[in-house]
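Let's take a walk through this fold, starting with the whole chain and ending at the sheet.

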Amino acid sequence: MIKSILAVLLCAAATAAAAVPKSGPALKKALADLSDFYEKAVKEAGIVGSSFMLYHDNRLLFERYHGLANMGKKEPVDADTIYHWASITKTFTGIAVMQLRDRGLLKLEDPIIKYIPELRDIHDPYGDKSEITIAHLMSHTAGFRDPTWPWRDRPWQSFEPLHWEQLTAMFPYTEILFKPGSRWSYSNPAVILLGRTIELLTADDYEVYVDKNILRPLEMNRSYFDTTPYHLLKHRSHSYWQDEAGKLTPGVFDANTGITVSNGGLNAPFTDFVKYLDFLTGNPAKQAAYEGILKRSSLEEMFRPRIEIPREDFEKDFPGENRKDFMGLSFFIEDNCGQHVIGHGGDQNGFVTHFYIRPDARAAYVVGFNTNGSKTKPLDARIKEYLFRNIFPLIENAD
């Protein structure tokens with residue numbers, strides 16, 4: 001009883017200057033409105049299939065599923081539907097790097113050339129190549145180009161390069177575009193170099209290392225990289241490209257991301273992904289186990305800004321109020337509409353995914369679409385704005 005009284009007093013002190021906690025009925029009404037908004041918005045955008053989950057205080061607060069995972073077979077989207085998470089994979093790569101850092105196998109300030117000497121062949125007009133560090137790669141400030149393989153222009157060509165040698169063959173034709181650390185520019189090749197470093201230091205394939213050290217400990221047992229295990233194929237969503245007229249063209253089904261797997265190879269159902277959100281937001285009941293994956297202090301280090309992202313790069317999608325964007329270590333950081341959030345998105349082969357967590361409220365949401373067209377990114381931004389303005393303010397004090 002004494003502990004309960006103390007907890008109440010501490011809570012009251014912490015929220016004395018905050019908004020009055022919202023009532024249960026108010027949140028219930030807001031979630032009903034969210035359901036209507038989401039269903040209407042995805043229909044208007046012509047999305048074939050979509051999933052959405054809202055997470056708060058280590059429990060699933062709200063979930064909705066829309067449309068079809070497979071148009072040909074009329075298979076509906078459900079909780080088991082597997083999406084391709086694309087660049088959200090980068091956050092798992094970052095966590096793996098931090099695990100190796102905490103084990104003393106590398107330092108974030110280490111030059112990447114220490115582990116990948118083939119990088120001596122790149123062209124760096126801004127100085128010594130040893131100035132490019134692991135931290136630069138994780139924060140997208142190393143100066144590498146954005147696309148991994150910008151030369152794919154025929155359907156018979158590989159979806160992504162399959163072998164490390166194909167990537168290193170292009171090093172003599174690769175240029176550093178700005179002085180490392182001087183500014184932000186999103187880069188897929190930078191993350192592939194991190195994946196290669198993980199393999200060299202652990203003697204595991206990237207997929208094996210992440211599976212053993214992140215996915216399995218988090219009990220993400222139906223999450224995997226690249227082509228789908230046979231027993232999960234029935235749950236694998238197809239993907240679709242949508243042109244301006246609304247015509248749909250199927251994406252490559254069950255694509256193999258090859259050597260770029262550390263950059264964008266993860267696939268998972270939402271039921272698995274909320275386990276990742278639980279880890280990111282923190283769960284007192286599981287914290288001892290989570291510390292065995294990565295220390296909370298190291299995870300929060302990843303959430304701290306390393307560099308500000310220019311306003312013009314993101315503000316056009318959702319200007320909001322007093323918006324500022326930053327890059328941490330493998331995670332994006334955004335201040336907007338009074339919210340301080342951490343997140344990452346993915347966009348590949350017709351799939352678009354996004355998640356955001358609000359650490360101070362231990363709240364998060366994740367959304368996925370199996371259709372990519374001119375309306376998909378604006379839809380993603382609309383959902384984000386709706387959550388920031390109408391839902392997160394309600395649940396921040398709903399404990």
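Helices (H or I, at least four residues) and strands (E, at least two) are DSSP runs, numbered from the N terminus. Counted that way, the chain has 13 helices and 15 strands. Its radius of gyration, taken over C-alpha atoms, is 21 Å. The globule rule (2.2 Å times the number of residues to the power 0.38) also gives 21 Å for 399 residues, so the chain is as compact as a globular protein of that length.

One caveat: this is a predicted model, where local features need pLDDT of at least 70, side-chain atom pairs count only at pLDDT 80 or more, and totals for chains, interfaces and linings use all residues. Residues are numbered from 1 along each chain as its sequence is written, and side-chain values use heavy atoms, leaving out hydrogens and water.

Of the 399 residues, 54% are buried, meaning under 20% relative accessible area with a 1.4 Å probe, protein chains only.

Now for the sheet. Strands pair if DSSP finds at least two bridges between them. Nine strands form an open sheet with antiparallel pairing, in the order β3-β2-β1-β14-β13-β12-β11-β10-β9. β3 (75–76) and β9 (307–309) sit at the edges with a single partner strand each, so one side of each has no neighbour in the sheet.

Contact here means heavy atoms within 4.5 Å, and angles run from 0 to 180 degrees between N-to-C directions of axes fitted to C-alpha atoms, for helices over the stretch in contact. Helix α2 (residues 24–44) lies across β1 (49–56), β2 and β14 (363–369), at about 15° to β2.

Notes:
Buried < 20%, exposed > 50% of the residue type's maximum accessible area, 1.4 Å probe, protein only.
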